[in-house]
Amino acid sequence: MNFFAELKRRNVFKVGVAYVVAAWILLQMIDVVGGILALPVWVPQFMLLLLAVGLVPALIFAWAFEMTPEGVKREKDVDRSQSIAPQTGKKLNNAILMLMALAIVYLLFDKFSGDRPEAVSTPAVASNQDNPEAAPAPDIQPAVNRQSIAVLPFDNRSRNVDDEYFTEGIHDDLLTSLARINSLKVISRTSVSQYKDTEKTIPQIAAELGVATVMEGAVQRSGNTVRINVQLIDANTDEHLWAEIFDREMTAENLFAIQSEISQKIANALEATLSPEETQRLNDFPTQSMEAYNAYLRGRQLLPQRNARGLEQALEAFGEAVKLDPDFALAWVGIADSAILLRTHGSIDTEKQIQITENAVGRALDIDPNLGEAYASKG
């Protein structure tokens, strides 16, 4: 008896066909269940690989073993005159027919159920192709949260380019202030930073970030005064919802008061509800010292450099800030963050880093037990 005939006698081909059809049905079920349960994309890929690898052992098992009335036995131990391979083959035929029937039912259901919307839209597409002047079907856009905002990087209009750190600091603090309003969706600094000096239009930026409103601003320092102008723009109409210019004496109290006022006016324009706790947080001034605030902003600008020299300078700047104002909680957080990063990017050892971080975080939480930035550093 040749090898091909022996494969057929031992039902190896039928086992292979049954395995492939059953595996296909299983993959379709995983695809459906995966969509409902939002399973990771690697789950069906892993199952496909597992089933593909499993085909070889299944065929080897069909060749080496046989089902008998007494159970599974090695094929070489079965007397050919007592073999029930033909009966097993008939059962496999029935199983294959049932599996193929299930596959056909699934395909028919998928064709006449899942693709129905495409069948309806096809004539419209064909019609537009026949008539080039016909208006294209409008795209269905996902709903945008009306209380969503992107605050673009502020322009530095000071004559001194070194004031860039001050402008970036005002922008960061305003973002943090707005993010404390739970009913607002505020796009992160990382996402909006790519639009610095961009030539894209406000509607384009809003569409890419998925927001309903965009805020632009500029900061100018001159002597002992500061000018901050801001404008809130409706992304849909590209029209101003609110705009204002703040001219104030350069003091820490005035700067924080401006940020608080801007945040509250944006919340009012977007009809966001402020809780008493949120209002209190907006009116909390982290320091009364302008010199300490300047040192803090310099440290904040240096932190993202992620190199030993920059981080050491940041640590010095935050240290200067707490020396000028020992109750400046955010500056203590800056010291903790600088030490944490220096362990990775600098020369500070772990023991010293832990000592600096624990002391700085402890001081920050003593000053403000509800300071989220301090808990983030502690974590």
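## A tour of two helix pairs

Start by selecting Phe166, Ile170, Asp173, Leu174, Ser177 and Leu178 in helix H6, which meet Leu255, Phe256, Gln259, Ile262, Ser263 and Ile266 in H9; contact here means heavy atoms within 4.5 Å. By class, this contact of H6 with H9 has eight nonpolar, three polar and one charged residues (Ala, Val, Leu, Ile, Met, Phe, Trp, Tyr, Cys and Pro count as nonpolar, Asp, Glu, Lys and Arg as charged, and the others, Gly among them, as polar).

You are viewing a predicted model, where local features need pLDDT of at least 70, side-chain atom pairs count only at pLDDT 80 or more, and totals for chains, interfaces and linings use all residues. Residues are numbered from 1 along each chain as its sequence is written, and side-chain values use heavy atoms, leaving out hydrogens and water.

Now show residues 164-179 (H6) and 252-269 (H9) whole: the two helices pack at an angle of about 45°, with axes 10 Å apart. (Helices are DSSP runs of H or I, at least four residues, numbered from the N terminus; axes are lines fitted to C-alpha atoms over the stretch in contact, and angles run from 0 to 180 degrees between N-to-C directions.)

Next, select residues 308-324 (H12) and 329-345 (H13), whose axes come within 9 Å and cross at roughly 160°. H12 is therefore roughly antiparallel to H13 (the term covers angles over 145 degrees).

Finish by colouring the H12 residues that meet H13, among them Leu311, Leu315 and Phe318. Their partners in H13 include Trp332, Ile335 and Leu342. By class, the contact of H12 with H13 has 12 nonpolar, four polar and one charged residues.

How values were computed:
Parallel < 35°, antiparallel > 145°, perpendicular 65-115°, else oblique.
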